[in-house]
Amino acid sequence: ARRPAVQVGDPFKEKLLIEACLELVAGDLLVGMQDLGAAGITSATAETAARAGTGMELELDRVLRREPGMTPYEVMISESQERMLVIPRPGCEEQVKAILEKWGLEAVVIGRVTADGILRVRERGEVVAEVPVAALTSACPVYYPPTRVPDYLAELWERESAPVPEPEDYETVFFRLLSSPTIAGKEWVYRQYDHMVQINTVVRPGLGAAVLRVKGTKKGLALTTDGNGRYCYLDPYRGGAIAVAEAARNLVCVGARPLALTDCLNFGNPQKPEVFWQFTQAVAGMAEACRTLGIPVVSGNVSFYNETNGVAVYPTPVVGMVGLLAEVEHHLRPGWPGEGCLIGLVGEPGNELGGSEYLWVCHRRLGAAAPAIDLARELALQRFLLAAHAQGLLASAHDCAEGGLAVALAECCLAGGLGAAVDLPAVARPDVVLFGEAQGRVLVSFREEQRGLLTELAWKHGLPFTVVGRSGGDRLEIAVGGRKYLRVDLA
């Protein structure tokens, strides 16, 4: 109780705000922090107090404003951007203000944490609002709309269960997938912005997770986003869980331990029972994945009523996740680091096509079911990769996602500027092995002398581990069961 709450505000200095907050966190100067989003100061203070089981007293006269004559109501619900509510550790207030001033940010004390569970708002010494925090958070009435399993799922199962013809030309399929907007490079987007973030970017965006250094420390932050609307359309529970699991996979593939996630949940009209069923199932799948993987949800937003002429978008939860590297220079990259590295597949080769980019791009089919996901094995995979990285056993790591193993291998080749010769186990039809999107799989490269240790470590974590090839040359050659299906120059 009695801890000052500091509010920062300047709509033109978001980068500086981010840098300052990172420095505050790195210096362990805060006990709480929340951005001011929807409902502004009202939601930020009420939610922060509710999580701590405390109250807050606010002095609105101190709040920074650009507009004169604002009423207390307007100040409390203003949604001006680039603002943060931070609660310093006792005795650290001046350090916090000094860091914010160093970054050119204005900071004012707008109130204090109290122990009475009341959100109390004053203006010119007069109490203008006094509400129990619970009345704004946990004690609010909850609305439970009806839910119903959509009819289209049974229709999809009947229609999409029929097999698709095997490709006549695998190279054509391969290039169609690489050219798909889902898989193709996004440089044309992120190069329009400062993706180097004041020269703090260590691993650039484009493949898996990006990595940023935290100046003044050895630490690094890894960041990624993930989500697949087709998976959720076929099975929103699996799709929600996969969005969380794949984001975590992206982070551990650069050597980061996942810390927390935010989300953006995009759905149609929740008053339609089928849409609300999709929503509840997706959230349940995400929640189960978060519990299993030990990753908290720290923020997010929901976007409903996304429809055109009564037709809803695919249910699409998007996950943004952040992870921590104890030493930012000790990170992994997706590309082969040199000639002659062994290439290993951690996880099953897989035999699923449902929801895949291959089915959609080449056959305009969705598939009958989304890929299965084993969250316990995802956790084991995460722990294996972090342990192998900590022991210096890995030269690179890259997860298998949209486009399957063939696309993942191509991305590793392009990222490292080296080709590879690979022979994948023939556990299914060749197109399924090459382009299926079974979950829980990562490609790693390593030196010959590490093979035994990696095999033993994978066995300890209960994971299949198969050496499938070797890096080198200027082309990618992929065989399945000894028969070559792709032979493509890197150029």
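Visitor: Which residues are linked with E57 in a network of salt bridges?

Guide: D116, R120, R122 and E130 are linked with E57 in that network. A salt bridge here is a side-chain nitrogen of Lys or Arg within 4 Å of a carboxyl oxygen of Asp or Glu. Before we go on: this is a predicted model, where local features need pLDDT of at least 70 and side-chain atom pairs count only at pLDDT 80 or more, while totals for chains, interfaces and linings use all residues. Residues are numbered from 1 along each chain as its sequence is written, and side-chain values use heavy atoms, with hydrogens and water left out.

Visitor: How many salt bridges does a search of the whole structure find?

Guide: The search comes up with 25 salt bridges.

Visitor: What makes R124 and E123 a salt bridge?

Guide: Their closest N and O atoms are 3.8 Å apart, and the cut-off is 4 Å, so the pair counts.

Visitor: And why is R124 called exposed?

Guide: Exposed means over 50% relative accessible area, buried means under 20%, and partly exposed is in between (1.4 Å probe, protein chains only). R124 has 69%, so it is exposed.

Visitor: What about R238 and D235: how far apart are their closest N and O atoms?

Guide: Those atoms are 3.6 Å apart, and the two residues form a salt bridge. R238 has a relative accessible area of 27%, so it counts as partly exposed. D235 comes out at 23%, so that one is partly exposed too.

Visitor: Which parts does the pair E378 and R249 tie together?

Guide: E378 lies in helix 13 (residues 375-390) and R249 in helix 10 (residues 236-252), so the pair ties together parts that are 129 residues apart in sequence. Helices are DSSP runs (H or I, at least four residues), strands are runs of E (at least two), and both are numbered from the N terminus. The closest N and O atoms of this salt bridge are 3.0 Å apart.

Visitor: Are E378 and R249 buried or exposed?

Guide: E378 is at 5%, so it is buried. R249 is at 2%, so R249 counts as buried as well.

Visitor: Where does N228 lie?

Guide: N228 sits in the loop between strand 10 (220-226) and helix 9 (229-234). Its relative accessible area is 9%, so N228 is buried.

Visitor: With which side chain does the side chain of N228 make a polar contact?

Guide: With that of E402, at 3.1 Å. A polar contact is a pair of N or O atoms within 3.5 Å; within protein, one must be able to donate a hydrogen and the other to accept it, and residues adjacent in sequence count only if both atoms are side-chain atoms. A polar atom of the N228 side chain also lies 3.0 Å from the backbone nitrogen of Y231.
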